[in-house]
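The sequence and structure come first.

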Amino acid sequence: MKKYMNFKEILAYSLGLFGFQAIVGLLNSYQAEFYGSVMGANLAVVGIIILVAKVVSAVFDPIVGNKIESTNGKLGKFKPFILISIPILLIFTALIFVDIKALHFENAGNGLYVYIFITFLIWCLGMTLADVPTQGIAAVLTPDPNERTNVVSIANTAKQIGFSACAVIVPVVCLIIPEGSKVLVKSGETDMPMKNTEYFWSALVTAAAGCILMALIVLWNKERVPYTAGEKSGLKDMFAAIKGNKPLILVIVSYFLGFGRQMAMGIQVQAANALIGSQNLVIILGITTAIGSMVSMAITPMLIKKLGEKTTYLLLSIYGFVISIAAYIGFAYLHMNQIVMYVFLFLIGLQFSAVTLMPMIMTADCVDYYEYETGKRKEGPVYALLSLTIKVCLALGTALGLVFVSKSGYSAALEAAAQGGTVQFEDSTKNMIFFAYTAMPGILALLSAIPIFKYDLYGEKKAKISEELKLRRQAAENGQATD
């Protein structure tokens, strides 16, 4: 069977997703803790601000999708938007981690929250400019759905590693920055917290490296699946494309029902503080789950080949629920030790391809389905909708996680330590945070499976669509050649 993509292109796409997600993962893990511990913001309020900013910026997603559909340039229809996003992400990722209180901004009252909202909103707009095309381009890198599944699997493994990369990048930056190494150890009985300098330089290094890697997609990847360049598409047409695509609607509804499946990433720093005694040990939590997630994405293409997308998704979701509840019971009621906890976190990671990899594969199949039904490809609006969904769901998950943290007594324990004591977390605090870290995402994973019982775009139906589209494209090429 013909292979369309070479190693260099697969590497470029994978590294590009790694770089982009390293930036996203940094904010997802450290943004709230920076606002709370350095700038003194209320974590519950921060969670609401993050949610509102992402919902407001979600209006931008269909606009970007529409622009993608009407773009006709030398770089193709996806890569120009990735290029535009790079300077925005570089500047505002660093700007978000500037301690404005050190600039005597603290007297502005609620101005602190206004500043947080505006800078994060602009960052979200830049994130959309990168997110929609980096996901959408997967549908046009190769016309072969099997090759696409393999490429998306490899790239999303890199994407997941990138999402957790901050757990390594931040400690490394702390080792390099003068005095920064002190945050990696305990001083007496009190954990040394990160200061504004460590946060800022970690953000700058992550943003610079991430943007360089994103640029590889622009430089090395090719858009191979043909489309009608310059076709105008209004919002009405975009909603029509979604409305007439039942499999896509099921995927989107499933994602919304499982909105908190990744909420653990939003409270990972707080979980490290409460569960293992230091936010600087967040790398341990991150790596254990990330390894399981990488194994999941490595075996998922084989499961899809053998069982189909529907059965694979259902099995992963049900498994995620069972293992997450078991982990919580073991921690809260059976008082398992840390080694057993890490084993459970690895096992929990084995189900994460259901939220990170499979929506990408299934959405690409939904693009093919719409082309099969209508003769038109609509990667732009479809992936804009997916980007909007992921963005809002991550925000909802982070907000819900921060509400659990806020209600657990976490902030009160840190405030008591700031008065000269040591950080002491009550068992009730630990149990609530661990519930938010494991059990709640597991419950939502089970809910996400409900719409997929109706999903039928797999097996013989998917193969038939792929073969028909192949014949249509060959006929179109032959017709052009004859003309």
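A residue counts as buried when its relative accessible area is under 20%, as exposed when it is over 50%, and as partly exposed in between (1.4 Å probe, protein chains only). The model is predicted: local features need pLDDT of at least 70, side-chain atom pairs count only at pLDDT 80 or more, and totals for chains, interfaces and linings use all residues. Residues are numbered from 1 along each chain as its sequence is written, and side-chain values use heavy atoms, with hydrogens and water left out.

**Overall make-up**

The protein chain has 21 helices and two strands; these are DSSP runs numbered from the N terminus, helices being H or I with at least four residues and strands E with at least two. Of its 483 residues, 57% count as buried. The chain exposes about 19500 Å², and carbon and sulfur atoms supply 67% of that area; accessible areas come from the Shrake-Rupley method with a 1.4 Å probe, and for residues only the protein chains shown count as cover. Among contacts (heavy atoms within 4.5 Å) between residues at least 6 apart in sequence, 85% join residues at least 24 apart.

Helix α12 (residues 268-276) is mostly covered, with nine of its nine residues buried. Gly-277 follows α12 and has a positive phi, near 95 degrees.

**Salt bridges**

A salt bridge here is a side-chain nitrogen of Lys or Arg within 4 Å of a carboxyl oxygen of Asp or Glu. By this rule the count comes to 13. The table gives some of them.

| Pair | N to O distance | Burial |
|---|---|---|
| Asp-368 and Arg-377 | 2.9 Å | both buried |
| Arg-473 and Glu-371 | 2.8 Å | both buried |

Salt bridges that share partners join Lys-77, Arg-148, Glu-309, Asp-365, Asp-368, Glu-371, Arg-377, Glu-379, Lys-462 and Arg-473 into one network.

**Packing of α6 and α17**

Helix α17 also meets helix α6 (residues 145-164): their axes come within 10 Å and cross at roughly 145 degrees. Axes are lines fitted to C-alpha atoms, for helices over the stretch in contact, and angles run from 0 to 180 degrees between N-to-C directions. The crossing is right-handed, a term used when the near helix is turned clockwise from the far one by less than a right angle. On the α6 side the meeting residues are Arg-148, Thr-149, Val-152, Asn-156 and Lys-159, and on the α17 side Met-360, Ile-361, Ala-364, Asp-365 and Asp-368. An α-helix has 3.6 residues a turn, so residues three or four places apart point the same way.

**Nonpolar surface patch**

Val-168, Val-172, Leu-175, Ile-176, Ile-287, Ile-291, Val-295, Ile-299 and Met-302 make a nonpolar surface patch of about 780 Å². The elements that give two or more residues to this patch are α7 (166-176) and α13 (282-307). Helix α13 gives the most, with five residues. Patches are made of residues with over 30% relative accessible area and no salt bridge; like charges are joined within 9 Å, and nonpolar side chains (Val, Leu, Ile, Met, Phe, Trp, Tyr) within 5 Å. Ile-299 belongs to helix α13 and is partly exposed, with a relative accessible area of 36%.
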